[in-house]
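Dear colleague,

Please find the structure below, handed over for your records. The findings follow directly after it.

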There are 2 protein chains.
Amino acid sequence: MAHHVSCNDCSLSPICLPLAVAPAQLDELDRIIHRGRPLKRGEHLFRAADDFQAVYAVRSGSLKTYVLSDEGDEQVTGFYLPGEVLGMDGISTAHHVSNAKALETATVCEIPFSKLEMLSQKIPSLQHHFFSLMSNEIRSDRELHMLLSKKNADDRVASLLLSMSARHQRRGLSERAFRLPMSRYDIANYLGLAVETVSRIFTRFQNNQWLRVEGRDVEILDRGSLCGERQNLEASL
Amino acid sequence: MAHHVSCNDCSLSPICLPLAVAPAQLDELDRIIHRGRPLKRGEHLFRAADDFQAVYAVRSGSLKTYVLSDEGDEQVTGFYLPGEVLGMDGISTAHHVSNAKALETATVCEIPFSKLEMLSQKIPSLQHHFFSLMSNEIRSDRELHMLLSKKNADDRVASLLLSMSARHQRRGLSERAFRLPMSRYDIANYLGLAVETVSRIFTRFQNNQWLRVEGRDVEILDRGSLCGERQNLEASL
DNA sequence: TGTTCATCTTGACTAAGGTCAAAATTGCAT
DNA sequence: ATGCAATTTTGACCTTAGTCAAGATGAACA
């Protein structure tokens, strides 16, 4: 007998749906969620101008979202790890405004938005949960705003590393050592820096013994320094 | 007999509540909305760490929102004009995460969030409207991300001017000539620039005949150039 | 197992915008 | 009106990160 995949036994539900839905109601939610085939690295989950039909929760792997400017250059707008929800920027326009692309093999749960809205009418905590999710998105965008407008290149890279670390920890994985799913190019693009700058900073962090870097594998050695308790270390190169 | 202020006869409702609520249901919404006393310039509507109780629609005047970093420096995160809704970043945390301060005398409609959630359970279009509002907020944050990470100082200032212009037009006011409610300091802070840079760019735009500037009053003379069809004009200084 | 293409690193030079300083202007409040 | 404080403008100089170029490393595929 095929085991029907369900939110009930998904290890990510504490991140994806914390306390939002009582067990009895979880079945109803389960019924509207569609678990699609895995995406291969580089494949798109949706593209800007696609009809907005659903939001998506990452089950495994990771994705990036990006927008293209009028002049055609790419702006990476976010990275999405297991348990995180993406695609909520299309609600107001009826079409997606960003593109979502798998950074590695990834699986997602597709949550048809119109059905989610109907279900939210019946389940207040589900409505509240999606208001919360969107509110969180807004909040982290505000932090990013600060990062881009006030912080130097070192702070930006450190902040990305710490964010990845925290998100790993939330899934019960090591907050010290992990693999970055995205390229230096994507990091640079997201943080508003040149690739070369990001590369130099990784090297410098390594020289300062704050970080061990080996390609995309990183190990945080000195969290305090990365958090901003950095002294002037010009001597250290 | 006192005239009870109502969304029905608010000229801003097309912006604030476009099509969201049928006339019959508008009364219910009216009943939960509280119209407070005017805020004076510099007064706070809410502060970070205040309990999150409500979201707010601007009736008149304008406000800015800002967050303070750990080091205590300010990041302006948004400007809010009549018809626009602010305060939605506090939903997930039960307390506000940003501060909202009046840039000039301002009045707002206070919409208690818990009551709004209850009402949204009954009125699907209202639920959808608030999902949309938040989705819009996310979308414009993504555009700002691009602006801060990819665009030079000229583009940033031009983009702010055009945004203010579009928002004036939406209210039926002139998109050519208007008064900026915020200081050069706030503009610079919001756009991640130094005050001096913003000031120099205003002067240069004026010299190029793209803009007439007189303090905070601006008149757009050459929209095309501000939109980015700028040629190399180094000669023009 | 090589070949190829993309990604990443490093170095030298440049430019955009920040910082510091001071003057001019504006707007309040007395 | 008058004076004070805040805001805005302008100039000179400097720092940070971007650009260009070349080499090194790594991953994917035949």
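This is a predicted model: local features need pLDDT of at least 70, side-chain atom pairs count only at pLDDT 80 or more; totals for chains, interfaces and linings use all residues.

By class, the surface near DNA strand D is made up of seven nonpolar, six polar and five charged residues. Here Ala, Val, Leu, Ile, Met, Phe, Trp, Tyr, Cys and Pro count as nonpolar, Asp, Glu, Lys and Arg as charged, and the others, Gly among them, as polar.

Residues are numbered from 1 along each chain as its sequence is written, and chains are lettered from A and ligands numbered from 1 in the order in which they are written.

The DNA strands

Among the 18 residues around DNA strand D, those that come nearest are Asn152(A), Thr197(A), Ser183(B), Ser199(B) and Thr203(B). A residue counts as near a molecule or strand if its C-beta atom, placed from the backbone, lies within 6 Å of it. At least two residues of this surface come from each of helix 7 (195–207) of chain A, helix 6 (184–191) of chain B and helix 7 (195–207) of chain B. Helices (H or I, at least four residues) and strands (E, at least two) are DSSP runs, numbered from the N terminus. The most is given by helix 7 of chain B, with six residues.

Around DNA strand C there are 18 residues, of which Ser183(A), Ser199(A), Thr203(A), Asn152(B) and Thr197(B) come nearest. Helix 6 (184–191) and helix 7 of chain A, together with helix 7 of chain B, each supply at least two residues of the surface near DNA strand C. Helix 7 of chain A contributes the most to that surface, with six residues. Its classes are seven nonpolar, six polar and five charged residues.

The two protein chains

The same surface serves both copies, as 100% of the contact residues of chain B recur in chain A.

Between the chains, 34 residues of chain B are in contact with 35 residues of chain A; two residues are in contact if their C-beta atoms, placed from the backbone, lie within 7 Å. On the side of chain B that touches chain A, strand 5 (74–80), helix 3 (113–122) and helix 4 of chain B each supply at least two residues. Helix 4 of chain B gives the most to this side, with 19 residues. By class, the side has eleven nonpolar, 15 polar and eight charged residues.

Helix packing

Helix 4 (residues 124–150) of chain A packs against helix 4 (residues 124–150) of chain B at an angle of about 20 degrees, with their axes 10 Å apart. This makes the two helices roughly parallel. Axes are lines fitted to C-alpha atoms, for helices over the stretch in contact, and angles run from 0 to 180 degrees between N-to-C directions. Angles under 35 degrees count as roughly parallel, over 145 as roughly antiparallel, 65 to 115 as roughly perpendicular and the rest as oblique. Helix 4 of chain A passes helix 4 of chain B in a left-handed crossing; a crossing is left-handed if the near helix is turned anticlockwise from the far one by less than a right angle, and right-handed if clockwise. Residues making the contact include Met134(A), Ile138(A), Leu144(A) and Leu148(A) of chain A and Met134(B), Ile138(B), Leu144(B) and Leu148(B) of chain B. The contact divides into eight nonpolar, eight polar and four charged residues.

The axes of helix 4 of chain A and helix 3 of chain B come within 10 Å and cross at roughly 120 degrees, which means that these helices are oblique to each other. Their crossing is right-handed. Pro124(A), Gln127(A) and His128(A) of helix 4 of chain A meet Glu117(B), Ser120(B) and Gln121(B) of helix 3 of chain B.

With kind regards
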